[in-house]
Amino acid sequence: MLNDGELSQPNQEEQTHFDFDLFVIGAGSGGVRAARFSANFGAKVGICELPFHPISSEVIGGVGGTCVIRGCVPKKILVYGASFGGELETDEILRLNGIYKRLLSNAGVKLYEGEGKIVGPNEVEVTQLDGTKLSYSAKHILIATGSRAQRAPIPGQELAITSDEALSLEELPKRAVVLGGGYIAVEFASIWRGMGSTVDLLFRKELPLRGFDDEMRAVVARNLEGRGINLHPRTTIKELIKSEEGVKVITDHGEEIVADVVLFATGRAPNTKRLNLKAVGVEVDQTGAVKVDENSRTNVPSIWAVGDVTNRMNLTPVALMEGMCFAKTVFGGQPCKPDYRDVPCAVFCIPPLSVVGLSEEQAIEQGKGDILVFTSSFNPMRNTISGRQEKTVMKLVVDAETEKVLGASMCGPEAPEIMQGIAVALKCGATKAQFDSTVGIHPSSAEEFVTMRSVTRRVAAASSNPKTNL
Ligand SMILES: Cc1cc2nc3c(=O)[nH]c(=O)nc-3n(C[C@H](O)[C@H](O)[C@H](O)COP(=O)(O)OP(=O)(O)OC[C@H]3O[C@@H](n4cnc5c(N)ncnc54)[C@H](O)[C@@H]3O)c2cc1C
């Protein structure tokens, strides 16, 4: 039974007959979650998704979306492979693609293979592989089409690859150049270096990972260098030239690097171009992202959007949260808004960085009062076996007045596994005293989070501490 939440439409519309209560365009993380739970709440749901292939395009996709087919999952498997210093093959992606299809059919969601397009506030058209078009009406339409990697507009850019192709290479490149300072760039640099390639990482700023805590960015840069990655800060590519030895990379400093593979990890754009949004009146921002309110509703009341296509916080668990809130609000009678506070995340470089809450710079910028910074740096016990000299670094940012822990970060083995638990503590509003009164697990790295007793520094409120912008 259709059971709309507080955002239900007027009576007149209730009486109109639609083929579906909900039609979802895009079966990635956000779309599948929204479709399944809406169906579980009793809605009649249809979903369409482009045909499967590991390398995406405007007409190629696959059930499961970026995370499963060309994002988090294949990448993490490669990180495991790189950590063990070897290569590996996997059928995992096809297996997960099958699981996602089963999840949809078990929930009673009707899946169509083809390209979805919106032709009216309550009308969707699906173009199938053979060109035939199907047309359906739906009381609500959900745009969950995600985003796609963009190539930097550099002469010779066609010689470079994006993360899609990087996850489908047949051979390990002996020499790789990676352009970009974001998490995807840093992760691929780590993966290839871990497998034995020569890697050059080029990025515009002084340090990679803009937006993360500056101190932790410096730790990551030191580790990347320590593992043999050649860092090129304040550098970009001027031109790529095909040569007999490989692709010649000319930097803006006039350097030449020859590579087997050049990866552009220079940003992603929302998949909205071919959805016909302008004609239907759905507003997008200057990057093409669908504009939504805090309930994920667009300016057209029957059309909603979740996930990367809205460019809010582009992470799989956030797309899942948005999809879930949509289903609860529209079909579950439990209106809810996604909560973007204390969302933990990780950069799966080797060793990984994981964070939750505010960085030191963000805490200073928010400037409510003084902050206390606690840090710990130590050689983890596992390094006694490998002999590796690579410090694990942990950090807590604490409100000096309330003692509330505002942010936590860690760079070291198992950081994401540890940070998930710390995120629960932050979400519950834990204070430093509560961290301190928690008994540690010994011997572990994680216990450092509850044994950092001495303040590393006290930072006075915003005015005296301009944000560093490395
Ligand atoms: C290399 C890489 C690594 C990543 N690593 C992580 C990570 O470690 N952790 C993390 O949280 N996030 C990670 N992400 C981000 C994560 O993958 C995305 O945030 C997440 O997949 C977004 O989900 P979504 O549902 O919005 O979009 P998607 O998963 O991209 O799904 C959108 C789907 O819509 C389909 N589609 C598009 N247009 C149409 C159309 N017209 N008709 C029908 N179907 C259409 C697409 O084919 C796609 O399957 C990574 C991303 C990349 C690229």
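Where is Arg234 found? Arg234 sits in the loop between strand 10 (230–232) and strand 11 (237–243), where helices (H or I, at least four residues) and strands (E, at least two) are DSSP runs numbered from the N terminus. The structure is a predicted model, in which local features need pLDDT of at least 70 and side-chain atom pairs count only at pLDDT 80 or more, while totals for chains, interfaces and linings use all residues. Residues are numbered from 1 along each chain as its sequence is written, and side-chain values use heavy atoms, with hydrogens and water left out.

Most residues other than glycine have a negative phi, and most peptide bonds are trans. Arg234 has a positive phi, near 50 degrees, and is not a glycine. Pro351 belongs to the loop between strand 17 (345–347) and strand 18 (353–357), and Pro443 to the loop between helix 14 (432–437) and strand 22 (457–459).

Turning to the ligand, 36 residues surround it, the closest being Glu49, Thr66, Lys75, Gly116 and Asp308; a residue is counted if one of its heavy atoms lies within 4 Å. Polar contacts (pairs of N or O atoms within 3.5 Å) can be described for several of these residues. A polar side-chain atom of Thr66 is 2.5 Å from an oxygen atom of the ligand, and for a polar side-chain atom of Lys75 the distance to a ligand oxygen is 2.5 Å. Ser29 contributes a polar backbone atom, 3.2 Å from an oxygen atom of the ligand. Of the 1,000 Å² of accessible area that the ligand has on its own, the protein covers 95%, by the Shrake-Rupley method with a 1.4 Å probe. Elements giving two or more residues to the shell include helix 2 (29–40), strand 4 (115–120) and helix 10 (316–331). Helix 3 supplies the largest share, four residues.

Helix 4 (72–83) and helix 7 (183–194) also give two or more residues each to that shell. Their axes, lines fitted to C-alpha atoms over the stretch in contact, with angles from 0 to 180 degrees between N-to-C directions, come within 8 Å and cross at roughly 35 degrees. The contact (heavy atoms within 4.5 Å) involves Lys75, Leu78, Val79 and Ala82 of helix 4 and Tyr183, Glu187, Ser190, Ile191 and Gly194 of helix 7.

Key. Polar contact = N/O pair within 3.5 Å; in protein donor to acceptor, adjacent residues only side chain to side chain.
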